[in-house]
Amino acid sequence: MEALVNGRKRWVVGITGASGAVYGLTLIKQLLLRNFEVHLVITDAGWRVLKEEMDFNSSKRIEALQNQFGAAMENKQLIYYPNADIGAAVASGSFRTEGMVIIPCSMGTLASVSHGLSHNLLARAADVVLKEGRPLIIVPRETPLHEIHLENMLRLAKMKVKIIPAMPAFYNGPQSLDDMVMFLTGKVLDGMEIEHQLYRRWGEKCDD
């Protein structure tokens, strides 16, 4: 991997207007705990979902993020960019990162990325990692899926984008909603090739 700055590897994280904002927040927290540098972009619809699902004050966006990630923002471990800031660092291929995760990913954003429509910073950042040959992971959250959704996913899969749908598993014996969130977050970290112990893997002995 290529992006090591001040002892930290960089990942771009995008949060869109699909349901499941908790997945994006949990992934950010796990990356920060592992000393990664996170560059965050949130769409306007993503802010709406953060308000509805996580009680974020979407009218005071910086303050809302500081309430969650104050220390990381202060020491520049978490850097937030407005989605309209098309000239931000992550819009350029010369800004070196490990790759990008869009979590959760709406079908609208997925379609934009699939067709190379860089109409905002999040879509442009995804386009950048694709053109630079860096890993792109997309966590779609929609049901049911129609033909266009599936065709767009297939198009991205053919470009070696990892598609990790927000689907829970039960073989690990989840006891709470948090367990199910951690499972999905762990699957994303697997896709990023980052070590973790967020869920019990198949074949591992259960502690109880």
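This is a predicted model: local features need pLDDT of at least 70, side-chain atom pairs count only at pLDDT 80 or more; totals for chains, interfaces and linings use all residues.
User: What makes α1 roughly parallel to α3?

Analyst: Helix α3 covers residues 61-74, and α1 packs against α3 at about 30 degrees. The cut-off for roughly parallel is under 35 degrees. The angle falls below that, so α1 counts as roughly parallel to α3. The two axes are 12 Å apart. L25, I28, K29 and L32 of α1 meet Q68, F69 and A72 of α3. Here the crossing is left-handed.

User: How do you know that the length of α1 agrees with its residue count?

Analyst: Take 1.5 Å a residue. The 13 residues of α1 should then span 18 Å. The end C-alpha atoms are 19 Å apart, which agrees. Just after the helix, N35 takes a positive phi of about 65 degrees.

User: What makes α1 mostly covered?

Analyst: Ten of its 13 residues are buried, each with under 20% relative accessible area. They are A21, Y23, G24, L25, T26, L27, I28, Q30, L31 and L32.

User: Which residues touch the most other members of the largest nonpolar core?

Analyst: L31 and M192 do, in a core of 39 residues. Helix α1 (residues 21-33) gives this core its largest share, seven residues. Apart from it lies another core of 24 residues, including V90, F95, V129 and M153.

User: What does L31 touch beyond four places in sequence?

Analyst: L31 touches W11, V13, F36, V38, Q77, L189, M192 and I194.

User: Why is A125 called buried?

Analyst: A125 has 1% relative accessibility. The limit for buried is under 20%. A125 is below it, and therefore counts as buried. The residue lies in helix α5 (residues 121-131). Setting aside residues up to four places away, A125 touches V12, V90 and M100. V12 is 113 residues away along the chain, yet the C-alpha atoms of A125 and V12 are separated by 8.0 Å.

User: How do you know that S112 is buried?

Analyst: The test is under 20% again. S112 stands at 10% relative accessibility, so S112 counts as buried. It is found in helix α4 (residues 107-114). Beyond its neighbours within four places, S112 is in contact with L117, H119 and A123.

User: Why is E151 called partly exposed?

Analyst: E151 has a relative accessible area of 44%. Buried would need under 20%, and exposed would need over 50%. The value lies in between, so E151 is partly exposed. Its place is in helix α6 (residues 147-158).

User: How many residues apart in sequence are E151 and S114?

Analyst: They are 37 residues apart in sequence. In space they are 9.3 Å apart, C-alpha to C-alpha.

How values were computed. Residues are numbered from 1 along each chain as its sequence is written. Side-chain values use heavy atoms; hydrogens and water are left out. A nonpolar core is a set of buried Ala, Val, Leu, Ile, Met, Phe, Trp, Tyr and Cys residues joined through side-chain atoms within 4.5 Å. Buried means under 20% relative accessible area, exposed over 50%, partly exposed in between (1.4 Å probe, protein chains only). Helices (H or I, at least four residues) and strands (E, at least two) are DSSP runs, numbered from the N terminus. Contact means heavy atoms within 4.5 Å. The expected span of a helix is 1.5 Å times one less than its number of residues. Axes are lines fitted to C-alpha atoms, for helices over the stretch in contact, and angles run from 0 to 180 degrees between N-to-C directions. Angles under 35 degrees count as roughly parallel, over 145 as roughly antiparallel, 65 to 115 as roughly perpendicular and the rest as oblique. A crossing is left-handed if the near helix is turned anticlockwise from the far one by less than a right angle, and right-handed if clockwise.
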